[in-house]
Amino acid sequence: MTRRSWSFDIALALAVGVLGQLEAWWGVGATHRQGPLWAQATLYAVTAALLVVRRVHPLGCLVAIVVVSAVEFAVFGSPEGTAVALSMLVAGYTVGRRLPARRAWAAPVLGVVFWAAWSVFDPVNDGAAAPERLGTMVWMSPFVIAWLVGVLLRLSATNAEQRRASRRQQEAQAVAEERNRIARELHDVLGHSVSVMTVQASAVRRRLTADQAVERQALETVEAVGRGALTEMRRMVSALRQADDSTLLAPAPGLDQVDGLAEQFRTAGLPVEVSVSGTPRALAPALDLTAYRIVQEGLTNALRHADRPNRAEVTLRYATDHIQVAVRDDGRGAAPAEQAPPGSGLLGMRERVAVFGGSLVARARPGGGFELVASLPLDPA
């Protein structure tokens, strides 16, 4: 309960109480006033005041309203009008809105108890036949409707929260899977580099003369550390490998393979154009792999989600300190990024770009279509 919630409930109780006093003292909304006016006014004041704690103790509030009303009905008789059931409506709605189903079902039962007390002690019904008394149950319909509205809103809120939790779980799983994939690919990239370093150190060691003992010992240390690092990397990453991973033996792709990738998507039915600006340069293996994956993800999204695109464009722009990788399509009807939940592929790309301290933007284009734009530092810190 927040301060705002308390303020709202107090204001609601005051409004219900004022309507009750208008009915008790001046007959506004009443069809039959019964007993001393002060007794009826007190009943409406007490039941309205109970609404202040309706969110803290929903069922307790409803029970108290039924008990207080039944006692007043038994002592002075049942009045007829709007205010007599107004507090019940609010309390019944609150029970349906805030309590789980197994407890919320107590509200209709208490509603029947309230109706029975009101019907039995209403002097207007004296001498009425049983069918006529049962016919007064129609006045329970507003209470039942209020309770059902509360139940519906509770179920809607519960379903929405479950969907949000499921989406968060899926996003977390997608991030974990992408991190595992990054770890496997980094193992391939770094493993190759360390292997080359180790082999080169071994080759140099064999060319040393007999009097270069210090240099030989240093190179032997480099070889031992390199082989140990490779062994440890294989041991740590083996747990991340999947038995059906078809990329285990494939070389890590890079931007030099973008033309071949574009041709694959052209064959699949997506017209792709590739343009390069600036001076191309060799990228670090891990950075080269990340840039390739961004192009792959952008073209995959265009093929799957774009609405009848006429073309897709891959742009590689080399600047002094960074490279910009952009994939754009002109499909119609693409939803803005802020209106559509991010897919697992985009979450994975954000993880990859974050490794290098870059930035990634995925958004709808003003003229239609979608674009994926990444900026990667060429010399990441």
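**Phe76 and beyond**

A: Start with Phe76: it is partly exposed, at 28% relative accessibility. Buried means under 20% relative accessible area, exposed over 50%, and partly exposed in between (1.4 Å probe, protein chains only). This is a predicted model: local features need pLDDT of at least 70, side-chain atom pairs count only at pLDDT 80 or more, and totals for chains, interfaces and linings use all residues. Residues are numbered from 1 along each chain as its sequence is written, and side-chain values use heavy atoms, with hydrogens and water left out.

Q: Where does Phe76 sit, and what does Phe76 touch?
A: Phe76 is in helix α3. Helices (H or I, at least four residues) and strands (E, at least two) are DSSP runs, numbered from the N terminus. Not counting residues up to four places away in sequence, Phe76 touches Gln34, Gly35, Pro36, Trp38 and Ala39. Contact means heavy atoms within 4.5 Å.

Q: How far apart are the C-alpha atoms of Phe76 and Ala39?
A: They are separated by 7.8 Å. Along the chain, Phe76 and Ala39 are 37 residues apart.

Q: Now the whole chain. How many helices and strands?
A: The protein chain has twelve helices and seven strands.

Q: What share of the residues is buried?
A: Of the 381 residues, 37% count as buried. The accessible surface of the chain comes to about 21200 Å². Carbon and sulfur atoms hold 60% of that surface. The areas come from the Shrake-Rupley method with a 1.4 Å probe; for residues, only the protein chains shown count as cover.

Q: What about contacts between residues 24 or more positions apart?
A: They account for 71% of the chain's contacts with a separation of 6 or more.

Q: And the confidence? What is the mean pLDDT?
A: The mean pLDDT is 84, and 86% of the residues reach 70 or more. Over residues 333–342 the pLDDT is below 50. That stretch still has twelve contacts in the model beyond near neighbours in sequence. pLDDT is the predictor's confidence in each residue, from 0 to 100. Where it is low, the predicted coordinates should not be read in detail.

Q: Switching to cavities. How many turn up at 30 Å³ or more?
A: Three, in a search of the whole structure. On a 1 Å grid over the protein atoms alone, a cavity is a set of points where a 1.4 Å probe fits but cannot get out; lining residues have an atom within 4 Å of a point. Grid points are joined across faces, edges and corners, and a volume is the space filled by probe spheres set on the points.

Q: How much space is in the second largest cavity, and which residues line it?
A: The second largest cavity holds about 40 Å³. Its lining is Leu43, Tyr44, Thr47, Ile65, Ser69, Ala83, Val84, Ser87 and Met88.

Q: Which helices supply that lining?
A: α2 (37–50), α3 (58–76) and α4 (83–98) each supply at least two residues. α4 gives the most, with four.

Q: What classes of residue are in that lining?
A: Six nonpolar, three polar and no charged residues. Here Ala, Val, Leu, Ile, Met, Phe, Trp, Tyr, Cys and Pro count as nonpolar, Asp, Glu, Lys and Arg as charged, and the others, Gly among them, as polar.

Q: Back to α2. Is Val46 buried, exposed or partly exposed?
A: Val46 lies in α2. Val46 is partly exposed, with a relative accessible area of 34%.

Q: What does Arg293 touch?
A: Arg181, Glu185, Pro253, Met349 and Arg352, not counting residues up to four places away in sequence.

Q: Last one, Ser277. Where does Ser277 lie?
A: Ser277 lies in strand β3 (residues 272–277). Ser277 counts as partly exposed, at 28% relative accessibility. Leaving aside neighbours within four places in sequence, Ser277 contacts Leu316, Arg317 and Tyr318.

Methods
1 Å grid on protein atoms, 1.4 Å probe; cavity = no way out; pocket = protein on both sides within 12 Å on 5 of 7 lines; lining within 4 Å.
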